Amino acid sequence: MNIIRSAFRNPPFLTFLLVALVWIIASFTLRGFGAYGHLRYLLELAAVIGIVAAGQTLVILMGGIDLSVGAVITVTAILLPLISPAWDPTGLAGIAAALAIATGIGLMNGAGATYLRVPPIIMTLAMATFLQGLLVIVAGGSAVTVSNPAVILLGQARPLGIPSGIILWLAVAVVVLLLVHRMPIGARFLALGANPLAARLSGVSVTRNTLIAHTLSGLFAGLAGILVLGMNRQGYVGIGDPYLLTSIAAVVLGGTSILGGRGTYAGTIPGAILLVTATALITVVNASPGWRSIMFGTLILALLLVSGREARR
Amino acid sequence: MNTNSSSRLYPSIQMRRNRGLSGLYLVVAAFLILYAMLFPGILSIGGFSKFTQNWFPLALVTMAQALLMLNGGITLAIGPLVSLGAVIAATTMEGALGVSGGILAVAAAGLAVGAATGAIVTYLRLPAIIVTLAGSFIISGVALILLPRPGGIVPDWLSTVLAGHTPVAFLMLLAILALWKLFLATPLGLGIYAAGDNPVGAFRSGVPVERVKVTAFALSGLLAALTGLFVAAQTGSGDPVIGTPFTLNSIAAAVLGGVGFLGGKGTMRGAICGSLLLSVMINVMFFLGFPPVAQYVAQGLIIVGAVAVPELLCAWRARR
Amino acid sequence: AANCIKGDRKAPFTIGWANIYSVPTWMKQTEGTITAEVEELKKAGLVKDLMITDAQGNAQTQIQHIQSMIDANVDAIVVIAGSSTALDRVISDACDKGIAVVNFDSLVNTDKVTAKINTDSNEWGATAAKWMVSQLGGKGKIIVMNGPAGISVSDDRRKGAQPVLDANPGIQVITETNTEYNVAPAQEAMTSLLFANPEIDGVLSLGGALSAGSVLAFERQGRDQVPTTGENARQFLELWKEKGLKGWATMQPNWLGALSVYTAVQALQGKDVPAFVKVPLPVIDDSSIGGYLARADKFPADGYIYSDYDKALFDKLLTK
Amino acid sequence: MTEENPLLEARQVFKGFFGNPVLKGVDIALLPGRVHALLGENGAGKSTLINLLSGALQPDGGSILVDGKPVGRFSPAEARKAGIAVVQQELSLTASLSIAENIGLGAFPRRFGLIDYRALHRRVQEVCGMVGLTEPLDMPVADLALGRRQMVEIAKALFRKPRVLILDEPTSSLSAHEAGVLARLIEALRGRGMALLYISHRLNEVQALCSHVTVLKDGGVTADQSLSGIDGEGLVRLMVGRETGDLFPSRGATTPGVIRISVEGFSAGTVRDIAFSARAGEIVGIGGLVGQGQEDLLLGFYGAIPSSAVRAEVSGKSGLPADVGEANAAGIVYVPADRKHEGLVLSHSIASNLILPSLGRLAAKGLRDRRAETGLVAKLAHRLTIKGDTARPVQALSGGNQQKVALAKWLPLDPSVLLLNDPTRGVDIETKREIYLMLRAFAAEGRLVILASSDTPELVHLCDRVVVLREGRVAAVLSQDDISEGAIVGAAMGVSTTAQGEAA
Ligand SMILES: Nc1ncnc2c1ncn2[C@@H]1O[C@H](COP(=O)(O)OP(=O)(O)OP(=O)(O)O)[C@@H](O)[C@H]1O
Ligand SMILES: Nc1ncnc2c1ncn2[C@@H]1O[C@H](COP(=O)(O)OP(=O)(O)OP(=O)(O)O)[C@@H](O)[C@H]1O
Ligand SMILES: O[C@@H]1[C@H](O)[C@H](O)CO[C@H]1O
Ligand SMILES: [Mg+2]
Ligand SMILES: [Mg+2]
């Protein structure tokens with residue numbers, strides 16, 4: 001009884017329940033929705049959001065926010081084909097290089113936030129603008145269709161019938177959940193997010209942890225960029241844009257406080273699935289764009305009413 | 001024997017709030033001077049009018065955003081609200097409602113949408129960022145239904161009055177700032193700060209925290225919708241997606257102006273300065289002949305620099 | 001003489017290119033034709049300087065850029081409008097100041113320009129729809145893919161298709177999508193629709209890379225391809241050939257940019273140019289696709305394979 | 001005093017949190033012209049009771065009466081209307097607003113709907129005069145030290161011209177001087193017929209100020225009686241329910257060990273160019289008026305604020321710790337005075353707070369060792385008698401118990417230097433005794449304890465040496481026999497001439 005009650009007070013669990021409920025109802029009422037292939041496809045889409053939102057979760061838990069994730073995805077997706085060296089038949093070198101760039105961008109975000117004392121929101125916003133400039137230089141001139149075999153494998157392969165994107169997400173989820181719940185650094189992020197001053201006086205290094213959180217956010221955004229590239233076989237400017245607000249939305253829908261200090265990636269996971277589900281539901285409705293937009297907004301609000309209830313302050 | 005008891009309290013409190021903004025003021029002043037050197041025409045009435053007209057909408061949405069951030073909230077629905085305001089203006093003014101009816105309709109829509117959003121956030125205790133994200137889709141949808149593609153019309157004389165070759169927009173900005181000052185001098189207005197900074201304490205002090213919050217959202221909605229009205233007048237018509245970029249820009253300007261995310265921290269004048277910097281930067285870079293790449297890079301550098309340089313100087317001074 | 005141009009304007013001219021957004025590949029390619037043309041004109045001693053701005057998708061910023069171009073007294077402004085209505089006033093201001101204004105691709109409503117240069121978006125939609133009707137023999141279920149909602153280009157193309165669809169009640173529109181003109185969102189939307197609709201007989205896709213997204217979605221879900229319309233996006237043309245698709249496409253030539261600069265300079269030199277230059281829409285079908293694909297290597301993989309152009313073509317278009 | 005009717009009364013009130021009863025049928029009656037003491041150990045329910053009396057919380061049972069009439073749902077607004085004001089511990093201030101605006105908040109004088117700043121100025125000046133607040137009224141509260149904020153909080157309560165004034169540990173962050181001002185003020189207010197409720201863990205204050213006492217224990221009232229004829233011992237007995245020994249442990253023979261901290265020309269924040277050294281096994285007190293650099297001295301040693309020294313040796317290494325991490329690594333720990341903002345992560349659980357500094361040490365192969373953590377938390381909770389479920393958020397603890405958590409979390413680090421900033425603020429007498437014992441034991445184990453305190457008796461009875469700061473410099477160093485309240489206060493005020501000079 002007590003376990004059940006505390007489960008219902010648990011935002012991640014509630015959000016999972018909500019996903020299940022929406023899926024069951026939609027499967028019974030909408031043709032094609034409940035098909036195995038469709039649900040699998042939804043998860044594949046959610047994987048991208050889920051992976052970006054992994055970094056976003058960490059940064060938000062720590063009391064910051066990362067407005068550069070969309071730009072990092074785009075940069076990774078566009079640069080990867082350009083920098084994949086021809087001598088490497090596996091394509092892993094290209095992936096490593098692209099991830100290094102994404103991670104480096106994250107590190108720079110963190111450095112700006114700590115050494116330059118620029119609030120993360122401003123730092124990452126400015127970074128997104130820089131990256132736009134970078135794209136103006138590199139984009140458009142040369143091929144951005146990907147031929148990197150590892151990337152294509154990531155985007156297309158289905159070992160045991162499971163899309164590799166979902167497998168990647170699972171791996172990311174395990175790592176992030178471990179980090180948040182089983183590693184000291186997770187507790188430090190949370191403490192910093194809830195009370196940076198007290199955390200600092202308790203020996204938690206603000207500099208180090210800010211650097212780590214932003215670097216990880218860059219890395220995960222880079223991973224998501226590679227996955228998106230593989231799924232579309234093509235990178236173009238703007239490919240990452242939709243993931244900025246959705247990554248934040250997934251985090252908050254999962255019950256994590258936007259102000260930091262409270263929450264878990266376990267909530268972000270169903271949060272990401274909820275978002276793609278809502279999009280898919282609205283896509284199949286035949287209505288004018290205006291009405292579709294209204295329905296989408298209302299749906300998000302309704303879902304929030306259920307999953308966000310315990311997220312009150 | 002309060003040292004300042006001779007001077008008057010209100011102005012000295014206002015002066016105090018300026019502290020810490022001097023770095024930003026300097027940066028903005030430098031840009032304005034540079035701009036005037038590159039384009040002396042700015043010093044003419046016409047040039048000044050046009051420049052301030054282009055800045056005005058951003059200034060207004062920044063106020064709309066800062067108002068909520070000071071109260072510990074945030075909105076992602078600014079852009080769509082601007083679009084909605086523009087669309088309502090462009091579809092009603094030439095119709096039965098007329099200009100005054102149209103203005104009322106825009107104002108009423110802004111207030112109502114803002115208040116409704118505020119009520120949802122406050123009474124259902126949901127995170128503002130997602131409620132307003134959902135709201136942004138709903139509001140965009142309404143704008144698209146009212147006007148599925150750019151069109152509609154705003155009477156020419158209104159366009160000329162608000163956005164002609166006279167600095168009416170600038171005067172309106174001054175008037176709105178004066179109104180804000182006035183509002184801040186009411187218990188409800190100061191309550192925005194108090195409730196944003198320390199809601200529990202404010203509640204225990206007798207501030208009607210929930211009413212303050214809903215009011216903040218309503219006023220923010222009003223400002224955003226009126227921005228749409230101005231944009232419609234400035235452009236002579238309505239466009240259902242014209243406001244979209246304002247959402248992020250309003251946040252950028254407010255944060256650049258020193259308004260914090262957690263509520264209670266920052267000032268409106270700082271936010272306005274932030275918006276002025278973002279706006280004048282565009283013109284300065286044009287006159288310096290920066291190519292687009294440099295525009296992006298410089299924009300990023302200026303944003304970081306405007307925050308980092310005063311911070312670092314401050315830290316450096318403290319160290320010695 | 002041509003519209004707008006007044007005052008003492010002698011070669012070499014300064015030209016402002018007020019771009020709404022410089023990064024999508026279509027825009028980048030278009031800008032490429034503009035800079036190439038300017039290089040030619042510079043060699044001929046006709047152009048001194050090209051000032052490029054990038055409004056980052058923000059129509060309000062574009063207004064500010066055009067205002068700055070007026071302030072800098074450029075000789076000509078070439079512009080793709082970020083909103084079909086928002087720029088009306090600033091553009092007619094430019095025209096009043098005697099600046100040559102040439103507007104292409106996304107057009108403004110005002111006629112106070114030197115020239116507008118474009119294909120006919122209505123015709124675009126109508127021709128595509130007619131082809132679809134004939135492919136399906138006047139009977140079948142189709143999905144319509146549109147560009148973003150609230151944008152006139154996408155709205156015009158859709159409107160152009162409507163009379164054709166009305167005239168053929170056997171054609172049933174199951175549902176429509178509105179996405180950016182990009183592969184990924186189009187593919188995502190189409191995938192959801194494929195699950196929901198076991199029977200789809202045709203995809204009426206109205207521009208950009210939407211068709212490529214659709215074809216990929218069909219392929220990924222193992223569904224048989226259906227007749228699909230589209231544009232000269234390289235990816236779509238290649239998929240069409242590779243999958244043996246029943247396809248049809250047309251083209252919004254990127255050299256509209258070069259033509260616009262050419263037109264502005266012609267007008268500044270005192271030549272008469274038509275107020276509206278209607279550029280014919282080519283038809284790309286199984287018989288002509290080979291010609292396009294043969295040149296594919298010269299274009300970016302996510303770019304558009306546009307037809308060749310030269311001065312003779314421009315002169316011909318301008319004399320009509 | 002004739003039989004008067006209570007202005008404010010609680011009858012048989014019950015209150016619990018999440019099923020844990022805190023108040024089980026409590027009565028209290030506040031009479032005009034009387035200063036009523038409310039005593040009880042940490043967590044006894046004093047703050048909870050005043051929250052009921054002031055409408056901040058609703059009782060689960062029983063009733064609140066104003067002027068003998070029961071009130072229905074009581075809200076802070078209604079309580080204010082009834083003339084009830086509460087002095088919270090800096091809980092209700094808005095950091096970004098000025099002193100004047102904070103004092104007026106919720107009760108602004110108005111003119112045409114606007115705040116009448118002129119009237120506000122006048123009336124705020126009045127109350128500030130009463131509490132001795134001399135700071136410029138336009139100063140943001142953010143710039144004030146804790147003790148000054150407390151004075152603002154008191155001024156704010158007075159601003160509303162209350163009939164009933166409730167003070168929850170008002171002196172815990174006040175200097176002796178400020179406390180004196182407050183004591184005179186309370187006396188004056190009582191004389192005007194106000195009903196006062198006074199909560200404090202400083203029994204000498206209670207004895208000096210109050211005429212009646214209510215004692216809470218185990219959710220009930222164990223005493224409700226006049227204070228006349230009761231001495232300190234008696235008060236303690238009422239609270240604790242048994243005989244107690246001395247508050248301060250005997251000093252015992254100390255044999256100071258190696259030098260742990262030794263600096264020359266040390267500057268940090270407002271501390272300027274001082275020399276200081278201390279050895280293992282010592283308890284060194286840092287005294288002085290509030291805000292003379294005591295905190296900056298500790299923070300400087302802790303690497304938490306930029307500091308410099310001509311020569312420095314800390315824990316056997318030359319140089320000052322560059323940051324908190326380095327200080328911790330060198331065995332230096334710090335317990336801040338403002339536990340709510342600096343000491344604790346209030347919204348997190350007791351357990352998380354307790355293990356925060358030891359996270360790294362407890363981890364094995366990079367992963368947290370849950371079992372070790374649980375064990376450690378249980379051990380610490382037991383050692384400091386922090387009762388109840390350690391999964392509760394720290395903010396649900398009473399103030400005194402919060403303080404124990406702030407101290408306890410450092411013990412696993414086995415620190416060699418403890419920098420303590422007012423560690424017994426708001427702590428009940430029994431806990432104080434425990435903490436004192438602990439500090440003595442620390443010293444006996446060869447640790448260095450540096451204790452900044454606004455509680456002068458604490459400095460007198462506990463410390464081996466007291467360094468008195470004045471305007472960021474050392475005003476006096478008193479050792480063993482020279483330490484007395486008079487000497488400390490004298491040096492702090494700059495009137496003493498004894499033992500001036502170098503800190504040995
Ligand atoms: N909101 C709350 N949620 C849960 N428990 C609470 C809450 N408020 C108080 N408590 C518990 O109620 C008990 C009484 O707390 P209270 O703050 O009233 O004690 P106190 O007598 O004021 O103690 P102190 O002397 O330390 O200030 C404590 O055990 C505390 O943990
Ligand atoms: N959300 C909350 N959860 C738990 N307790 C809370 C909460 N909000 C407020 N409290 C109250 O906070 C109290 C602790 O701080 P409070 O400001 O009341 O002073 P206090 O207990 O007297 O502490 P101090 O000794 O520092 O004055 C708890 O007793 C409880 O009543
Ligand atoms: O009209 C053009 C083209 O159709 C292209 O597909 C995308 O950009 C639009 O502006
Ligand atoms: Mg208490
Ligand atoms: Mg207390």
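Me: In this predicted model, a polar contact is a pair of N or O atoms within 3.5 Å; what makes the pair between E231(C) and ligand 3 a polar contact?

Reply: A polar side-chain atom of E231(C) lies 2.9 Å from an oxygen atom of ligand 3, and because the limit is 3.5 Å, the pair counts as a polar contact.

Me: Which atoms of D105(C) and G208(C) lie by an oxygen atom of ligand 3?

Reply: For D105(C) a polar side-chain atom is 2.8 Å from an oxygen atom of the ligand, whereas for G208(C) a polar backbone atom is 3.1 Å from one. The surroundings of ligand 3 also include W26(C), R157(C) and Y304(C).

Me: Why is α14(A) called roughly antiparallel to α6(B)?

Reply: Helix α14 (residues 289-307) of chain A and helix α6 (residues 128-146) of chain B pack at an angle of about 160°. Angles over 145 degrees count as roughly antiparallel, so the term applies to this pair. Their axes are 7 Å apart, and the crossing is left-handed.

Me: What is the make-up of the contact of α14(A) with α6(B)?

Reply: Its residues divide into 15 nonpolar, 6 polar and no charged, among them W291(A) and F296(A) of α14(A) and F137(B) and I138(B) of α6(B).

Notes:
Residues are numbered from 1 along each chain as its sequence is written. Chains are lettered from A and ligands numbered from 1 in the order in which they are written. This is a predicted model: local features need pLDDT of at least 70, side-chain atom pairs count only at pLDDT 80 or more; totals for chains, interfaces and linings use all residues. Side-chain values use heavy atoms; hydrogens and water are left out. Axes are lines fitted to C-alpha atoms, for helices over the stretch in contact, and angles run from 0 to 180 degrees between N-to-C directions. Helices (H or I, at least four residues) and strands (E, at least two) are DSSP runs, numbered from the N terminus. Angles under 35 degrees count as roughly parallel, over 145 as roughly antiparallel, 65 to 115 as roughly perpendicular and the rest as oblique. A crossing is left-handed if the near helix is turned anticlockwise from the far one by less than a right angle, and right-handed if clockwise. Contact means heavy atoms within 4.5 Å. Ala, Val, Leu, Ile, Met, Phe, Trp, Tyr, Cys and Pro count as nonpolar, Asp, Glu, Lys and Arg as charged, and the others, Gly among them, as polar. A residue is near a molecule or strand if one of its heavy atoms lies within 4 Å of it. A polar contact is a pair of N or O atoms within 3.5 Å; within protein, one must be able to donate a hydrogen and the other to accept it, and residues adjacent in sequence count only if both atoms are side-chain atoms.
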